[in-house]
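User: I am new to this structure and would like a close look at one part of it, the aromatic rings and what surrounds them. Could you walk me through it?

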Amino acid sequence: MKFPGSVLISLVLFMSETAAALCLSAGYRNTGDSMWQTLTLIFALVPCALVQLSLVFIHRDASRDRPLVLLLHLLQLGPLVRCVEAFYIYFRAGRVEDPYVSITKKRQMPKDGYSEEIEKEVGQAEGKLCTHRSAFSRASVIQAFLGSAPQLTLQLYICVLQQEITVARSIFMVLSLLSIVYGALRCNILAIKIKYDDYNIRVKPAAYLCIFMWRSFEIATRVTVLVLFGSVLRIWVFLVVLLNFLGFFLFPWILFWLSKSPFPENIEKELSRVGTTIVLCLLTFLYAGINMFCWSAVQVELSDPDLISKSQNWYCMTVYYIVRLMENAFLLLMWYIYRTDFYLYVCAPMLFLQLLIGYCMGVFFMLVFYQYCHPCKKLFSSSITEAFLSCFKILYFICQHHKSTLLTSKVMMKSPENTDEARGSSKTIDSQNRSIHQSVSSNA
């Protein structure tokens, strides 16, 4: 049985970040910064409540008679109790024989074009431990993008406004960044396991390292760009965030409306139509929060029974990164134009270039992961580099077509002038011929 290390990492990040947020909010209260204190508490407590709801929903505690566990969830101690329960199951496994054992069938990765199917016995203890891992993975994603990402943006913005980085704030920002990167890493692993559920997947350490570097560069540069833009154009940053969030939130619903599929009813038997709608809205809300800061490896598809698209769409990923790079470059350009006197002590062109290079480094590690380190790369029908090249070819064709249309329009605009000149030259030739004819007739 596999050691539940992901459960322990999720708990440590959750508890340490919550404790740091409470200490920092107390520091803001002592200094009289009531607005920063309120925002810090909101960004800390709201994701905590959502994490408790997700753990209760996955373990289905509402349908079972467990009042003590529900009380501990109300006291925001649900992750601690779940972690203790997971380790209790792990250390007791093997001492008592399971009365019921299920058999699962998984296929190995193809070798020389053949894929072998292997049967495996799964006991009750291992099944419960797998449920705990899945629950903590989803809780880590919620904590990362609905709590840690806004929190990191807020604290970095406060550092820029106050022109000071304190020790408590720097520790809190490091914890928030680690929480976001870990949540993005769990999101990638969840996407792989959902899309390739029939296969026995083993993620190598090189793959974890590539994902960690990819997400670190991508998220750190994205947060820095938003903070720099918001420090000089405070009103416009709300418009940028709102457009991004609404676009990604409404995108799955628009695709669902265009597909004309029936409303999904098989999410949970005990949920009514209103409850199902609330769960779907929370799912798309989380999807929009992830795509605000980085590429969501899990694509929501409401028309699918599993609510997740299992197809690998390279073109959507390519378009996302091209558009996001252009958006980051535009926001940095606006910051460079409207920067205040505070940034006179900062080499603005160098910072501009470093942030763009940092985002490109994230894209580079993403390409390395999908090209060489993905555990299911043998199942890909095409590689991501081919998708990038084809997208660049399409963009090049569009640019060439645009240039050709501009040239033809210029030629069409100049053609009346050429006809007028031709008409004028023909008139002069006719007048000259007439004068010659008159001179010849007079001499005769």
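Analyst: Happy to! Let's start with tryptophan 214, which counts as buried because its relative accessibility is 0%; buried means under 20% relative accessible area, exposed over 50% and partly exposed in between, with a 1.4 Å probe and protein chains only. Before going on, please note that this is a predicted model, where local features need pLDDT of at least 70, side-chain atom pairs count only at pLDDT 80 or more, and totals for chains, interfaces and linings use all residues. Residues are numbered from 1 along each chain as its sequence is written, and side-chain values use heavy atoms, with hydrogens and water left out.

A search of the whole structure finds 17 aromatic pairs. Rings of Phe, Tyr and Trp (its six-membered ring) pair if their centres lie within 6.5 Å; planes under 30 degrees apart count as stacked, over 60 as edge-to-face and the rest as tilted. One of the pairs joins tryptophan 214 to phenylalanine 369, with 6.1 Å from centre to centre and 35 degrees between the planes, a tilted arrangement. Tryptophan 214 belongs to helix H7 (residues 205-232) and phenylalanine 369 to helix H11 (residues 348-373), so this pair ties together parts that are 155 residues apart in sequence. Helices here are DSSP runs of H or I with at least four residues, numbered from the N terminus. Phenylalanine 369 also counts as buried, because its relative accessibility is 1%.

For a charge to sit over a ring, NZ of Lys or CZ of Arg must be within 6 Å of the ring centre and within 35 degrees of the ring normal. Arginine 339 lies in this way over tyrosine 336, at 4.2 Å from the ring centre.

What about the other rings? Tyrosine 90 and phenylalanine 91 have ring centres 5.2 Å apart and planes at 75 degrees, so they make an edge-to-face pair. Tyrosine 90 counts as partly exposed, because its relative accessibility is 22%. Elsewhere, ring pairs join Phe248, Trp295, Tyr320, Tyr321 and Tyr359 into a cluster.

Definitions and conventions:
Helix = DSSP H or I, 4+ residues; strand = E, 2+ residues; numbered from the N terminus.
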